[in-house]
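Here are a few friendly notes to read alongside the model. Take them one at a time, with the structure open beside you.

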Amino acid sequence: MDGDICATDTATTPPDSDPARKRRVHGMLKLYYGLNEEGKTVDQAESMNPCDINGTHFDPEVYLNKLRRECSLGELMDQESCMVKQIRSLDSDMQTLVYENYNKFISATDTIRKMKNDFKKMEDEMDCLSTNMAAITEFSAHISGTLQDQHAQITKLSGVHTLLRKLQFLFELPARLNKCLELQAYSQAVSSHRRARCVLQQYSHMPSFRGIQDDCHAIMDKLAQELRQKFRDGGSSAEDLSECVELLLQLDEPAEELCDKFLSHAQSRLEANLRGLEAETDILEFIDRGCNEFVSSLCLVIASYQELFVNRPQEGNLASKDIPHMAIGKLHAFVDALATCYFSLVERRIQEEKSVGDNSLLVRALDRFHRRLQAVAKLLPGSAVPSQGTEIVVRAARERIKQYLAALQSFYLDSLRDVRQALAAPRLATGKDAPASLPELLSSLSASILNQIKSVLASVHLFTAKDITFSNKPYFKGEFCSQGVRESLVVNFIKFVCQSSRQFCESAGDRGGSTPPALLLLLSRLCLDYETSTITYILTLTDEQFLVQHHSPVTAVAALCGEARGAAQKLLNHYVKVQGLIISQMLRKSVETRDWVNTIEPRNVRAVMKRVVEDTTSIDVQVGLLYEEGVRKAHSSDSSKRTFSVYSGSRQQTRYAPSYAPSAPMDTNLLSNIHKLFSERIDIFSPVEFNKVSVLTGIIKISLKTFLECVRLRTFGRYGLQQIQVDCNYLQMYLWRFVSDENLVHFLLDEIVGSTAHRCLDPAPMEQSVIEVICERG
Amino acid sequence: MEDDAPVIYGLEFQARALTSQTAESDAIRFLVGTQSLKFDNQIHIIDFDDENNIISKSVLQHQAGEIWHISASPADKAVLTTCYNKTSESRVVTCGAVWRMPPEWESGSHESPDDPHNSHNPQNLELLCHLDNSSHGNASCVLWEPMGDGKCVISLADNHALLWDLTESSTQATISSSATLEGKGQLKFTAGKWSPHHNCTQLATANDTAIRGWDLRTMSQIYCIENAHGQLVRDLDFNPNKQYYLASCGDDCKVKFWDVRNINEPVKNLEEHSHWVWSVRYNHSHDQLVLTGSSDSRVILSNMVSISSEPFGHLVDDDDLSDAEDNHQDEKTKEPLQDSIISTYEEHEDSVYAVEWSSADPWLFASLSYDGRLVINRVPRALKYHILL
């Protein structure tokens, strides 16, 4: 009703009326019906004001007084006209409402009257209906009473019918089974038989049923026979087979036997697969084929086997409890045996993979191999197969590392051979140009080795790539990186380099023999470079690439560097020794083969001395190409002009004349001894430092000491002594510049000349000025 | 325990030749031959008084020439041989001769070495005979038959090995047999050693880098170690207790030990010297003690126990042992014995060309450097007792 009024209200308000007014009307209606609490609050708020014309406490007197007091005449006039207008509109509103409600009331009265009439008619019809229902009930009772007997009969008859149908089924069973057998509808036969079996069993004491049972048994035996035959033939597909097995199991065939047969059948097929594998040559194809044929068949077999024997629902007496257990055991044995064959094939195949050129093929093959085995792992959770597979991969990786090490080693030796040839070849062709290429040879050798190491590392790195399934195995995360790559490959290679370098010092024999000295020098520099930077670089590179986690103890960089330094030192020492011996040999020959007593007065420096200086110079050049200059002691401004005061004439006299005095301990050769007392002992074949000066000092020491010892074994005439004087002066002129401490050369040359003087039958030394003239002329 | 300081004796001449007086088993006595081209050469007889650490010496004149090699008779204390240079008509020839020391030298020699008058009138050696080798070249050394009766010597001259019989109190020498080394170039024996084993029927010689063994009965070569050393071989010595063992040294700064039954590889290498090794000597009774002298002015005493005749220490005869000692012995044999350098002696200032063990005291040795300094040293006491006990 409220809605209606609202609708009316809106309908009747003039279209131009403002919403405020509309609301006010609305509010008043609500107020009227006492509906809205909102209205009440408004009411309360407004109620206080007696001047509110719309409020309930409106007091016309107060309002009028207020107006009269507050407004002018004009305003009062306006107020009055406005008031009149409002009163008029309210009147019309009220009229409209009254009219509307009156209409509705009339129509409602009509409707009630009409309803009263209709209800009367309905009452009559209901009476009629109830009488009819009573009649029906009566009839129905009557009918059911008559039909009762017949119903019992029918029930009995239908029971008999069912029994007869069953009996018929039983009697027809042999024929049906036979027919099924003919049609090879084995599953139907088995299910029919199963349905009848219990009944037959139950009534087997009656001859007729017994006959049927026997017949059925015979037929079923035959059927089982046929199934077994089919099973044995093995030509059929896996699905067929599983159906066979299913049926046989239902026929109470012993499950164990079936398992065996099933597996042996599968085995023959899988073995055929394996035989097929042996023909493959390419490793990737081999693995692919192995995966696609063997492993997938294996998975299929496992799956269907599990479907048949392991996961089958436990159907009462059919599946005894230990079937799954037994079946799983058999399956494991079977899979293990086959996997072993497969693995041995794979392993043999992988071992044939010797070429180290492209590792990615092998890694990819191994990855595939490993990935496919995961399927087996999923199917057969407890199986050792995947772990064995992983082991094969690990072994392959190990083997690979060994191969790479061997490849690196042979590469290194090949490079050395090349260097050797390069050292030998140009010498034959162009003489002295050869040493010029030493630094280039060194840098190219070192660069090519480094490149080779890098490429090997890159190849090996494939094993640990993220997309390779086995890379997250613990071996590849830990041991492979640290023990495998770092230790077995990189560290071993560096050790090999040092070792083989050392061998050049030993195997080449003491005469210097087969190893060219330049190679020794070059290798020594190589080892030294390794010590200073290359080893650290390589190992850092390795550690970065392989994120080596230092679980297991690894060779420290310092130890390797020490080894390299040792090798470098040994090589350089050997170089010094070899070069020293070459020069020594010349000097020795020159001293030993000459008749020093009957030699002629010296006119020239002997050719051999020039040769010594020449050789020393070329060694100096050679060493200078690879080693830094080194430190020398400051030398006097005119070293080459130094005179040998030791054997000057006057000195000679003082040395000998008074010395033939009373023989007493410790008073002989006093001057010489005192001289030695104050000079440091000289170690001839002593380790040298890694610089040019030290190397040259070593070589010159060896040569001059040899000279000294050879001189002491000979006897000289006057001119022999003078020749030695000339030679020594010449050496003095040229050799001082090579050594770290020129005093060393002075000392050794002094010793030589002094010893010669001792060994001289007629010690008449040559004038220093003459010596100098001869030397300068030479 | 403190070891005694070395005893040093200086000669006024340069010297290379040193030997112990082989036949003398009581006094510690060494003979040194000098090298001088201008003055008369001498043989210094150095007696060492072990108790008081005093050296006494006698000097005998050797006027024939400078001495390159000296060797004492194993049978007669007074007899010795030298190899000496003789210069005549501006030719230098090396000869060998057998000498006898004058009998009086001993009486007048026990004065203090400080006595200046003694050396003013030294006595001369008495020449017994020349080992005349004018047809065979320069003699490099003369070897007495070890433990023999002083009737046989071998001299090595250029490429010949000559076996001499000394008759009539060594006054006559006749060549009984000889062997010649044939080959390319000028071959020359540099050193040799008469083996004390096999009834003294073997000789080892060195020429250039090779070591050769000779059978003296047939004067034929029995083995040859080619390239035994990388450089010249300077000296040889036989192990006195192990008949097939031989030590050699040379210009490659190495000392090598050989089993002559297997000449492909040395049994052991020693590389301790920093220059040529000129002399190597086994101790006469304890062959693990090996002495080497080198032109790096050092003398090195090594304990080569692993290849000695007593690899497990000194074994006392079972008879001598009571049970307690027996146990003690067992313990001792278990100790691992390692080859080692016992000591490096640096008393010399010049090249050491000769080292020699005393024939009387097995714990004492002498070394001689070119500047004429003779140093007498002892095996460290600790080691001595270790070996003995």
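1. Accessible areas here come from the Shrake-Rupley method with a 1.4 Å probe, and for residues only the protein chains shown count as cover. On that basis, chain B has an accessible surface of about 15300 Å², with 44% of that belonging to carbon and sulfur atoms.

2. Please keep in mind that this is a predicted model, where local features need pLDDT of at least 70, side-chain atom pairs count only at pLDDT 80 or more, and totals for chains, interfaces and linings use all residues. Residues are numbered from 1 along each chain as its sequence is written, chains are lettered from A and ligands numbered from 1 in the order in which they are written, and side-chain values use heavy atoms, leaving out hydrogens and water.

3. Chain B contains two helices and 29 strands (DSSP runs numbered from the N terminus: helices are H or I, at least four residues; strands are E, at least two). Of its 389 residues, 59% are buried (under 20% relative accessible area; exposed is over 50%, partly exposed in between, with a 1.4 Å probe and protein chains only).

4. Within chain B, take the contacts (heavy atoms within 4.5 Å) between residues at least 6 apart in sequence: 52% of them join residues at least 24 apart.

5. Now look at S387(A), which sits in helix α13 (residues 385–430) of chain A. S387(A) counts as partly exposed because its relative accessible area is 41%.
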